[in-house]
Amino acid sequence: MKVVGLSGSQIGSKTRVAVTATLKAISEKYPDVETTLIDLADYKMEFSDGRNYLDYEGDTGFVTKTIMEADAIVIGTPIFQASIPAALKNIFDLLPVNAFRDKVVSMLVTAGSAKHYMVADTQLKPILAYMKAQMVQTFVFILEEDFYQKEIINHDVIFRLERLAEDTVVLTETFTKIREEKEAAYDF
Amino acid sequence: MEKYRINPDNGMEFGIYTLGDHLPNPATGERISVQERLHDIIDYAVLAEQAGIDFFSVGESHQEYFATQAHAVVLSAIAQATSKIKIASSSTIISTSDPVRVYENFATLDLISNGRAEIVAGRASRVGLFDLLGYDLHNYEDLFEEKFDLLRLINENEIVNWSGEFRKPLRDAQVLPRPVNGSLPIWRAVGGTPASAMKAGFAGVPMFMAHLGGAASQFKRTVDSYREAARAGGHDPAQLPIATAGFFYAAETSQEALKELYPHINEGMKKTNGGGFPKQLFAQGVDPHNIMNIGSPQQIIEKILYQHEVFGHQRYIAQIDFGGMPMDNIKKNLELIGTEILPAIKKYTAKK
């Protein structure tokens with residue numbers, strides 16, 4: 001199983017810290033799972049121009065291909081101006097419409113204000129649903145005060161991220177099994 | 001329809017197309033040499049002609065896993081090896097070619113084949129060829145529209161006066177040679193959405209509609225939009241042929257057909273398109289109302305006749321060879337087409 005952690009911002013550290021913690025929780029509990037972190041701050045991404053993702057070169061090609069090869073994706077997003085960052089939306093725009101078919105996607109949100117709690121439900125989930133993701137419905141919402149010097153200090157958040165890690169892997173295993181059984185039943 | 005060398009009285013035309021893909025056979029993981037693949041494509045056309053098939057076309061894709069970048073050259077070899085079958089591109093990416101050169105090639109092809117050549121012009125679904133051939137992807141739409149217009153202008157006029165954005169103007173330019181009957185059938189390739197079909201309709205250009213899968217009735221909207229746009233553009237839809245193009249595979253039973261075809265489509269699409277074909281969608285391909293023509297010969301006959309009833313199209317073309325399909329399977333399909341499918345389709349669609 002391949003899990004990609006996608007930190008969806010070009011700036012800041014909290015989302016990266018939370019995504020890294022989730023991937024670490026996955027590796028510790030499931031050593032066979034291959035985890036990869038993609039922090040958009042590390043890559044120079046082009047804006048989508050509608051071409052097939054295989055036709056992008058450089059960082060853009062690397063990031064899109066890595067996401068497409070994953071079985072599950074942990075998306076971490078900060079909230080900018082009451083929405084997801086343009087950098088993250090660009091990732092969705094770069095991918096095909098069915099990009100998340102047969103993939104599990106889980107979410108964590110870092111925000112400066114609890115007022116942004118509904119952003120993932122109203123803005124991120126519809127995109128993922130359109131792109132045919134199987135979602136881990138419960139996402140982890142993390143506030144600024146849960147971090148101190150690039151570490152998560154709120155144990156409740158740590159527990160929730162551990163559960164997110166577990167749910168991501170269990171749901172991926174489950175859907176893979178269901179799909180394999182269903183495909184075998186077709187007899188072609 | 002005469003202008004496009006189609007006589008509806010003879011029934012719906014049945015054709016074959018290949019994208020010229022060069023992919024491994026998923027059963028063995030092995031890929032034949034590019035030389036062998038090119039010779040297979042030429043043989044494929046010869047065998048299609050022997051089976052009584054009306055039309056054979058070859059596509060142009062400038063990327064890994066494809067062999068017919070120089071599709072006009074391949075078509076020329078096919079012209080020489082055959083004598084009756086119509087030959088065309090499917091499609092020529094006019095956006096990244098000089099229309100004068102394309103016309104010279106296809107008019108020559110028409111002369112060599114004694115009046116059997118046609119052009120289907122498209123915009124390309126993968127875009128690597130823009131860099132390769134020296135064009136700017138930002139002009140994707142404008143390049144197509146301008147060059148397609150020029151191609152049609154050259155087709156209608158031996159002496160051309162033209163100016164545009166993407167090449168130097170033509171002043172009293174004579175484009176030679178001229179095809180056998182003065183002009184070539186030129187089609188616009190349409191990806192299946194109504195918006196794209198309407199562009200063909202407004203311009204009064206025959207439409208080549210490609211479809212992967214789904215309900216035939218869904219594509220009816222595209223066909224209706226095309227005819228409506230043609231009418232709005234002052235053209236008579238009754239004089240504009242429509243062709244449809246999609247996956248085809250015949251075997252004794254639909255289950256066998258699915259079994260033999262699926263790995264080729266799924267693995268081939270993963271390599272060329274970056275995503276496979278879900279089994280669930282593929283399994284629906286045998287449904288009588290699904291546009292994919294997969295099944296037993298009798299099921300396919302019923303499907304094609306149903307599609308003909310829905311679309312009222314003049315030509316259907318089948319893609320059989322995608323994804324490293326072995327020649328033996330292709331031959332078996334051609335035999336089923338020639339002996340069972342084609343006679344039935346002609347019988348039910350011919351007017352005389």
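A crossing of two helices is termed left-handed if the near helix is turned anticlockwise from the far one by less than a right angle, and right-handed if clockwise. The structure is a predicted model, in which local features require pLDDT of at least 70 and side-chain atom pairs count only at pLDDT 80 or more, while totals for chains, interfaces and linings use all residues. Residues are numbered from 1 along each chain as its sequence is written, and chains are lettered from A and ligands numbered from 1 in the order in which they are written.

Chain A contains five helices and six strands, where helices (H or I, at least four residues) and strands (E, at least two) are DSSP runs numbered from the N terminus. Along the sequence, these elements of chain A follow the order β-α-β-α-β-α-β-α-β-β-α. The radius of gyration of chain A is 16 Å, which agrees with the value near 16 Å for a compact globule of 188 residues; this quantity is taken over C-alpha atoms, and the globule rule is 2.2 Å times the number of residues to the power 0.38. The C-alpha trace of chain A spans about 55 × 35 × 30 Å along its principal axes. Of the 188 residues in chain A, 38% are buried. A residue is classed as buried if 20 or more other C-beta atoms lie within 10 Å of its own, exposed if 12 or fewer, and partly exposed in between, with C-beta atoms placed from the backbone. Among contacts in chain A with a separation of 6 or more, 78% are accounted for by residues 24 or more positions apart, two residues being in contact if their C-beta atoms, placed from the backbone, lie within 7 Å.

Chain B comprises 11 helices and 12 strands. For its 352 residues, a compact globule would have a radius of gyration near 20 Å, and the 19 Å of chain B agrees with this. The principal-axis spans of the C-alpha trace of chain B are about 60 × 45 × 40 Å.

Between the chains, 14 residues of chain A are in contact with 14 residues of chain B.

Helix α11 (residues 327–349) of chain B takes part in packing with helix α1 (residues 34–50) of chain B, the axes coming within 10 Å and crossing at roughly 15°. Axes are lines fitted to C-alpha atoms, for helices over the stretch in contact, and angles run from 0 to 180 degrees between N-to-C directions. Helices α1(B) and α11(B) are therefore roughly parallel to each other, given that angles under 35 degrees count as roughly parallel, over 145 as roughly antiparallel, 65 to 115 as roughly perpendicular and the rest as oblique. The crossing of α1(B) past α11(B) is right-handed. Asp40(B), Tyr44(B), Leu47(B) and Ala48(B) of α1(B) meet Met327(B), Ile330(B), Lys331(B) and Leu334(B) of α11(B), a contact of six nonpolar, no polar and two charged residues.

Helix α10 (residues 297–311) of chain B also packs with α11(B), at an angle of about 35° and with the axes 10 Å apart. This crossing is likewise right-handed, and the contact has 10 nonpolar, two polar and one charged residues. Elsewhere in chain B, helices α3 (residues 99–112) and α5 (residues 140–156) pack at about 45°, their axes 9 Å apart, which makes α3(B) oblique to α5(B).

Several backbone features of chain B were identified. The peptide bond from Ser90(B) to Ser91(B) is cis, with omega near -5°, and Ser91(B) lies in the loop between β3 and β4 (92–93). A cis bond also links Leu176(B) to Pro177(B), with omega near 0°; Pro177(B) belongs to the loop between β7 (170–174) and β8 (186–190). Ala124(B), although not a glycine, has a positive phi of about 80°. Ala124(B) counts as buried, with 23 C-beta neighbours inside 10 Å. Asp172(B), in strand β7 of chain B, has a positive phi near 45° and counts as exposed, with 7 C-beta neighbours inside 10 Å.

Key. Nonpolar A, V, L, I, M, F, W, Y, C, P; charged D, E, K, R; others polar.
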